[in-house]
Amino acid sequence: MIPVSKDIQLKAVTIQDCTQLYKLMQMIYPPAYHHFWTDKGAWYVDGLYNKENIHNELKETSTGYYFVLFKKEVVGILRVLWDAINEHLAYKKSAKLHRIYLHQKAQGNSIGKNLLTWVEHTAREKGCETLWLEAMDTQEQAFEFYKKAGYVPFNRFDLDFPLLIDKHRGLTQVYKEL
Ligand SMILES: CC(C)(COP(=O)(O)OP(=O)(O)OC[C@H]1O[C@@H](n2cnc3c(N)ncnc32)[C@H](O)[C@@H]1OP(=O)(O)O)[C@@H](O)C(=O)NCCC(=O)NCCS
């Protein structure tokens, strides 16, 4: 268990946790993103949180995949790539915040802010000069959150997943110097 603050801990995801992770994301993803997809996001959740993909992601080197615990209860997930160069950023070593998802009931309690601070601090300790991530253009909540934390856009593109609704295809990459 990794302590982030008094009430927040991270627990590493293992291959034994596939079912728990899948069920958790079936609960967390749709309330935030169902309106982005013609199938309410089922294809996306099945594609990323099936056993095979979780196994593959756990095998990737220089990554961290965690359950987020708040007051000892699992309320979300966090995944970080600790060595993720971006071709548009002129830094020698960068980290990427790959996924941060909190259950609706846990949002707005500064958990996200604490997690982001922990990721930035840990990335800096690992020698990273910058942290970057991707967020859907039309997910205002996430954008406000990153903007408040000092992240600035540097690139954008459209996703071509067939089941994504056209007005929600835009993805923006943002970064912050550490
Ligand atoms: C986005 C998310 C990670 C933010 O975490 P959180 O714990 O809810 O946010 P926090 O309580 O730490 O808020 C931090 C700051 O962002 C601001 N913020 C958060 N949500 C906001 C919103 N909807 N509108 C405006 N500001 C918002 C807060 O006001 C707070 O500002 P403050 O520091 O001045 O108090 C979380 O809400 C979440 O998981 N959402 C659903 C999934 C998602 O979109 N993930 C991001 C994928 S890129």
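Guide: Two residues are in contact if their C-beta atoms, placed from the backbone, lie within 7 Å. This is a predicted model, where local features need pLDDT of at least 70 and side-chain atom pairs count only at pLDDT 80 or more, while totals for chains, interfaces and linings use all residues. Residues are numbered from 1 along each chain as its sequence is written.

Visitor: Okay, what is Val 68 in contact with, leaving aside its neighbours within four places in sequence?

Guide: Its partners include Ile 8, Leu 10, Val 75, Leu 102 and Leu 115.

Visitor: And how do I read a nonpolar core?

Guide: Think of buried Ala, Val, Leu, Ile, Met, Phe, Trp, Tyr and Cys residues joined through C-beta atoms within 7 Å. Buried means 20 or more other C-beta atoms within 10 Å of a residue's own, with C-beta atoms placed from the backbone. Here the largest core has 38 residues, and Val 68, Leu 115 and Leu 131 touch the most other members. Helices (DSSP runs of H or I, at least four residues) and strands (runs of E, at least two) are numbered from the N terminus. Among the elements that each supply at least two core residues are α1 (18-33), β3 (63-70) and α4 (111-125).

Visitor: Which residues of α1 are buried?

Guide: Leu 24, Met 25, Ile 28 and Tyr 29 are, and what covers the buried residues of α1 includes α2 (42-48), β4 and β5.

Visitor: Where does α1 bend?

Guide: At Met 25, by about 25°; that's the angle between axes fitted to the seven residues ending there and the seven starting there.

Conventions: Buried ≥ 20, exposed ≤ 12 C-beta atoms within 10 Å, placed from the backbone.
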